[in-house]
Amino acid sequence: MTEARTDEPDVRLDDDGDVPVIEVKNLLSQFGERVIHQDLDLVVEKGEVLGVVGGSGTGKTVLLNTIVGLKDPEGGTVKLFGVDRAEMNRREQAEIEQRTGLLFQQGALFSSLTVLENVASPLVEHTDLSRDVIRELAEMKIAMVGLGPESHHLKPAELSGGMKKRAGLARALALDPELLFLDEPTAGLDPIGAAAFDDLIRQLSDDLGLTVFMITHDLDSLYAVCDRIAVLADKHVVEKATIEELERSDHPWIKEYFLGPRGRAAQKTAA
Amino acid sequence: MARAQFDVGEEGGDREGGSTVLALRGDWSATELGDAPRRLPRRLEGVQVGGLDLTDLGRFDTAGALALIQSGVHLPEDAWSDRPEAGRVYAMVEKLERDQAPPPKRGPWAVRAFGRVGRGVEDVWSEMVLSMAFLGRLLIAMGRAIVAPGKIRWPAWVSQMERAGLDALPIIAVTNFFIGAVIAFLGADLLTQFGAGVFAVQLIGVSVLREFAVVITAVLLAGRSASSFAAEIGSMRMNQEVDAMNVMGVDPFQALVIPRLAALLIMLPLLTFVAVLAGLFGGMLVTWSQLGLGPAFFIQRMYEDGTMFMHLMVGLSKAPVFAIVVAAIGCRQGMAVAGDVESLGRRVTAAVVQAIFAIIFLDAVFALIYLELGV
């Protein structure tokens, strides 16, 4: 029999970067009666670093959860690497999980494992590398995010907030994902740490061709890292543009955001 | 996706000492690397690589770069000219300092074994000290609550009474029903052999009223409420809610411990009474069906015995003590939760185990006391 086996479906994910990495169309999200997103459209191209801003309660984290598949949308489509999330088969889903990394707001490190084991966990789960190679890779990722070797054998409960974030990022980067989701990566970091974090994201996106979807309130990050910024307001993306274009926008919320005292201060330092 | 492969070949054979070319094929990524990191350094031993052939190279990520760097290969500067982005990955990994931390030191096994024993003993001691401290704070808080009843949190109290008491009613009634029935089966069978089947009623009465109703109820609450108290207060500690209370000037003992303690103090005796009724009912059904002694006879035997009221009082007198033990151990373990999930699990387990142990132990103490008193 030469027929293809039907229980091993094809992987239709895009490899070449011809189609957008993320494509959200007409998204409807609601909790009960409360509508969070309506007719939300968003496209993220390969290699783009997208910052997502919006007031509190505009559904930034809900949007991220919908894109990564932690929440099912009430309507509309979410495509990742050109394939609709709702129509994905098992293998595609598994591959998406390997090609994306997510840094949660609080780090979400496994509390029973050390930092090194945390960072190694995706490698142990998804690769057939030997234990020594996995340990070396994990050590490299930890060094990459700027944590010293003294942190390797610490438990998450012994880490400070900033160290947890860095360890979380190292774990998100463990499999060298093509698409990285960051939920407020610099919140709770000191300004120097935040700037180093920005540099790291920028370098990773330049060197590894990483596509980044970053929720942030940090205006300095927006200026330093993001290629484009999507503004969430009135239940959808009101504008997605470069920061220079947004500074000239007429939308009242955007105006207040970028031309308020903090926005002006960030502009000055960026200039 | 293709597995990572490599070839080492000669190039430029027309020149003397033509350089060796390392050809990378497939995806040099974490998921496809396989055993290439092990094979590559062995193959490259004693070989001077003069260039890279990247025509068939697919994905190249930091895992691939690390494998290449660790093989000890020295690449010429223009090696990556065909794939500049892969060259950047390589350069980035190359300049990272990968300091290795030695794994935490482990002493010889004998030292570790003694160390464990020592730590265990110290833990028992510090547990005792902390328990005493908790008891002291609890007594102070109780005293304050009695002196100033206006500070008592009635809504929390009532809600705990519902959750820890009322909601436990079905399980306690059913469990005690079966306990009563089992005693009746065993007693009826044994006593009829001596022709004393009617004394099964007294057996059921004494055992249920005096021991089983209160002990079974307390053990069930130890499993049900001590665990939930420890988990609730423990998660609040992990969430820094208890710290927030302290900073706001709210006494966590007043807000968290006293309502739970007071709720069990009221509900455990009431539940014990329900347990008594359920146990006697179970026993009565069995004596009726097994011995043909109807409910009227059962009740009459109990009434005429004369000591049954005393047995009921003995049983109920233990209920408040057990209530304090269950609530205090549950809350005490909850308050001892540290920041991590493991300690939460450990503390909840300890709460249930310690509470059940304390109940059985105190029941034995009560038995001795009442024996000496002759009741």
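Colleague: What conventions apply here?

Modeller: The model is predicted: local features need pLDDT of at least 70, side-chain atom pairs count only at pLDDT 80 or more, and totals for chains, interfaces and linings use all residues. Residues are numbered from 1 along each chain as its sequence is written, and chains are lettered from A and ligands numbered from 1 in the order in which they are written.

Colleague: How many helices and strands does chain A have?

Modeller: Helices (H or I, at least four residues) and strands (E, at least two) are DSSP runs, numbered from the N terminus. Chain A has 10 helices and 10 strands. Its radius of gyration is 19 Å, close to the 18 Å of the globule rule for 271 residues, so chain A is as compact as a globular protein of that length. That radius is taken over C-alpha atoms; the rule is 2.2 Å times the number of residues to the power 0.38. Along its principal axes, the C-alpha trace of chain A spans about 60 × 55 × 35 Å.

Colleague: In what order do the 6 strands of the open sheet in chain A run?

Modeller: Pairing first: two strands pair if DSSP finds at least two bridges between them. The order is E6-E7-E8-E3-E9-E10, with mixed pairing. Strand E6 (100-103) and E10 of chain A stand at the edges with a single partner strand each, so one side of each has no neighbour in the sheet. Neighbouring strands are turned by 15 degrees against each other on average, direction ignored.

Colleague: Which strands does E3(A) join, and how do they run?

Modeller: E3(A), residues 49-54, is joined by 5 bridges to E9(A), residues 228-233, and the two run parallel. Val52(A) has Ala230(A) as its bridge partner in E9(A). E3(A) also runs parallel to strand E8 (residues 211-215) of chain A, through 4 bridges. There, Val49(A) stands opposite Val212(A).

Colleague: How many residues lie between E9(A) and E10(A) in their hairpin?

Modeller: There are 2 residues between them, and Asp234(A) in the turn has a positive phi of about 50 degrees. The strands run antiparallel, with 5 bridges joining E9(A) to E10(A), residues 236-241. Leu232(A) is partnered by Val237(A) in E10(A).

Colleague: What describes two packed helices?

Modeller: The angle between their axes and the distance between the axes. Take H6 (residues 169-193) and H9 (residues 252-291) of chain B: they pack at about 40 degrees, axes 7 Å apart. H6(B) passes H9(B) in a right-handed crossing. A crossing is right-handed if the near helix is turned clockwise from the far one by less than a right angle, and left-handed if anticlockwise. By class, their contact has 20 nonpolar, 7 polar and no charged residues. Ala, Val, Leu, Ile, Met, Phe, Trp, Tyr, Cys and Pro count as nonpolar, Asp, Glu, Lys and Arg as charged, and the others, Gly among them, as polar.

Colleague: At what angle do H7(B) and H11(B) cross?

Modeller: Roughly 15 degrees, for H7 (residues 200-238) and H11 (residues 308-335) of chain B, whose axes come within 8 Å. That makes H7(B) roughly parallel to H11(B). The cut-offs: under 35 degrees is roughly parallel, over 145 roughly antiparallel, 65 to 115 roughly perpendicular and the rest oblique. Their contact has 21 nonpolar, 8 polar and 5 charged residues.

Note on methods:
Axes are lines fitted to C-alpha atoms, for helices over the stretch in contact, and angles run from 0 to 180 degrees between N-to-C directions.
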